[in-house]
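Dear colleague,

Please find below the structure that I am handing over to you.

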Amino acid sequence: MNRQLTASRALQEFRNNLRQAPRRILESAFRSGRPVSDRARALFVFGNVFLHLHPVRVHRWSLRWTTTLGLGVAGAAAFLLTLVTGVLLMFYYKPYPDVAYQSIKDLHFVVPTGRFIRNIHRWAGNVMVVTVLLHMARVFYTAAYRKPREFNWLVGLALLVLTLALAFTGYLLPWDQLAYWAITIGANIAQSPRELTDALGITSWFDPGGLQRLLLLGSDTVGAEALIRFYLLHVMILPLVLAALLAVHFWRVRKDGGLARPPDADRRLPPLPGNTYPVFTEAPQKTYQVVAIVRGRTPVVGAGPENTLPSMPHLLYAELAVFMLVVFICLALSLAWDAPLKEIANPLVPENPAKAPWYFLGIQELVSYSAFMGGLGIPLLALLGLGLIPYLDREQEGTGEWFAGPGGARLAGLSALFGFAAVVAVEAFAIRFGWIREWFPEAPQLLVTLINPATLLTLAYALFSLWILRRYDSVRAGAVALFTCFLCGFVVTTVIGTFFRGPNWVFYWSAADWPAH
Amino acid sequence: MTIRAAGTRSRLDPEPVARRDVLGLASLLSAAAALLLSAFGMLRLPKPGVLASAGKKYRVSLPEALPAGEPYTPPGRAVALFRDAQGVWAVSLVCTHLGCIVRPSAQGFECPCHGSRFGPDGSVIKGPAPKALPWLKVTASGGGFLVDEGATVAPGTRVSS
Ligand code: HEM
Ligand code: FES
């Protein structure tokens with residue numbers, strides 16, 4: 001009798017638990033409950049491994065949309081889109097010459113939704129390049145790289161290089177004419193230190209260029225070995241490294257105390273809306289930070305509650321909005337324009353004109369003066385200069401604000417004017433009158449490598465920035481001048497390379513003037 | 001500012017290296033050395049010892065009716081062969097700038113990629129190419145010719161059949 005009773009009670013409990021199981025599974029996964037109170041909102045963020053990259057509360061300065069323009073988040077959103085669509089493309093893509101081309105063709109014409117997915121992948125990649133470049137410019141013009149954020153600027157630069165490397169390696173995969181010749185040119189740029197070592201006559205025992213090209217291609221031509229290497233880099237190595245560095249990047253943003261803001265940000269923000277839930281109800285006028293205690297600093301006394309809002313919903317919803325905007329842009333572009341696919345790669349007949357993706361056309365324009373200087377020398381110099389910025393500019397004025405510091409927006413405008421004029425003048429001269437080789441065919445190559453439109457332009461920019469640095473007596477002013485000049489140079493050479501270069505890389509005012517074949 | 005009683009050690013002071021830490025140090029160093037060495041070892045793998053590319057030596061027979069100074073390109077090769085009264089020669093068609101394939105033209109050769117131009121003997125006359133197009137080694141062999149893309153000869157060298 002007794003046994004029977006307990007058995008039926010267990011049965012009862014079993015049935016009850018079964019009924020409750022779905023709710024309990026949910027509750028055990030999301031332990032914070034609905035984010036209705038401030039406490040639940042905090043739990044919602046730090047109780048979730050993905051969301052806890054966010055702080056629990058964000059400063060209101062960071063939430064103003066003009067602070068970031070949402071560009072960092074937009075870059076991350078585009079990266080997510082390329083990840084998802086890229087994995088889908090991998091279902092059909094086969095990395096072997098000629099077969100690769102057929103598989104992309106299948107994706108484009110046969111596979112259900114294949115063309116759409118391929119378009120999204122292509123466009124999201126482009127959007128990522130654009131947003132990452134703009135994000136860098138916003139960080140620069142708000143002077144947000146200063147102490148303690150110097151290292152995160154370096155991590156960001158690594159992310160920029162990885163983004164461009166992803167774009168470059170992906171460009172080969174369709175194995176069409178566009179891909180093949182862009183990569184042939186790219187691989188030979190890797191080999192271009194030979195321009196220097198040949199001129200010095202030391203290539204036979206010191207050949208870093210040859211080694212770089214060999215490692216990149218795995219052979220002496222762009223073939224099966226090169227394709228599998230680019231594939232491996234594009235779908236595995238680069239995304240993994242980028243994702244890891246992205247985690248570091250986000251984590252550092254938090255550890256560096258959130259986004260940069262001016263010291264008087266609190267005073268300049270409008271008062272909190274009346275219905276905002278206060279941070280400390282019992283008003284203990286001091287805040288403890290674990291990090292502060294570890295570092296042996298005293299807690300902040302008398303600082304009062306900070307000017308912050310809970311991340312959930314304020315930050316998370318803003319991020320979601322930016323994400324949806326990026327999705328919308330990528331989908332709209334994909335519906336309007338198909339990703340290009342030319343004829344199958346032909347190693348004997350270059351595409352004419354053979355153009356790299358647009359963000360490398362500025363470099364291609366410089367390369368048409370000197371392979372080494374335009375392809376490696378100047379880009380590496382620019383990268384080095386960018387990396388040094390936060391360590392050279394140790395000033396305080398204007399941190400966290402657009403065009404603040406010495407010179408302000410006027411200096412940026414002046415630099416843009418100079419940067420624009422210089423690049424247009426140099427290009428116009430070279431296009432109109434040619435360069436040393438045309439005047440003196442016997443001129444030594446070292447002379448052309450050292451003195452050409454690309455190096456002269458760089459020199460002009462450097463001298464201008466030095467002059468600005470002295471005139472304003474400020475390193476930041478010099479940095480603004482140089483950064484702005486390079487930005488202008490990048491934009492103008494990219495536009496020339498994209499719209500004004502035709503067959504044989506001859507200058508044409510419009511593609512309508514191109515000679516017929 | 002940290003406040004502490006005189007004579008006590010703070011967690012902020014550097015810790016002295018105790019003798020038993022030598023063991024820890026040794027393992028750390030050995031791990032670092034192993035990491036470095038294996039990194040070198042792993043970097044050795046992607047550098048191929050043998051290149052999987054097509055053969056660079058091949059036989060060519062020139063068309064009987066090839067006029068003097070006209071280019072002849074063997075199918076599938078980036079090479080132009082020429083013939084005149086003194087003999088036969090071969091010029092590589094791989095642009096010395098960034099590796100596009102140049103086209104023979106009335107004035108020599110021109111590259112579609114960045115506008116380099118070369119004279120009939122391969123010397124640079126315009127554009128960014130740093131070097132002349134190399135002349136390749138040609139040997140007469142059984143009525144035809146053997147071209148070796150791996151070996152260059154001085155411009156002007158001709159081979160008679
Ligand atoms: C894959 C590329 C990148 C992604 C996805 C990314 C993402 C982000 C995000 C989401 C933030 C938070 C603030 C914001 O949205 O602006 C941020 C901040 C920051 N990023 Fe990036 N970033 C990338 C590349 C770069 C580059 C190229 C640089 C500069 C060289 C850079 C430097 C910084 C710095 C210094 C901060 C802190 C800014 C501040 O405190 O105001 N990042 N990044
Ligand atoms: S590859 Fe021939 S000019 Fe650049």
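**The domain interface**

In this predicted model, about 3700 Å² is buried between domain 1 of chain A and domain 2 of chain A, and carbon and sulfur atoms give 70% of that area. Buried area here is the accessible area (1.4 Å probe) that two parts lose on being put together, summed over both. In domain 1 of chain A, the residues that lose the most area to domain 2 of chain A are A:Tyr141, A:Arg146 and A:Glu195, together 22% of what that side buries.

Domain 1 of chain A comprises 41-48 + 55-262 + 310-351, and domain 2 comprises 354-517; these bounds come from an automatic or database domain assignment. The contact (heavy atoms within 4.5 Å) takes 45 residues from domain 1 of chain A and 41 residues from domain 2 of chain A.

Two salt bridges are found across this interface, a salt bridge being a side-chain nitrogen of Lys or Arg within 4 Å of a carboxyl oxygen of Asp or Glu. A:Arg146 forms a salt bridge with A:Asp393, with the closest N and O atoms 3.1 Å apart.

Residues are numbered from 1 along each chain as its sequence is written, and chains are lettered from A and ligands numbered from 1 in the order in which they are written. Local features need pLDDT of at least 70, side-chain atom pairs count only at pLDDT 80 or more, totals for chains, interfaces and linings use all residues, and side-chain values use heavy atoms, with hydrogens and water left out.

Yours sincerely
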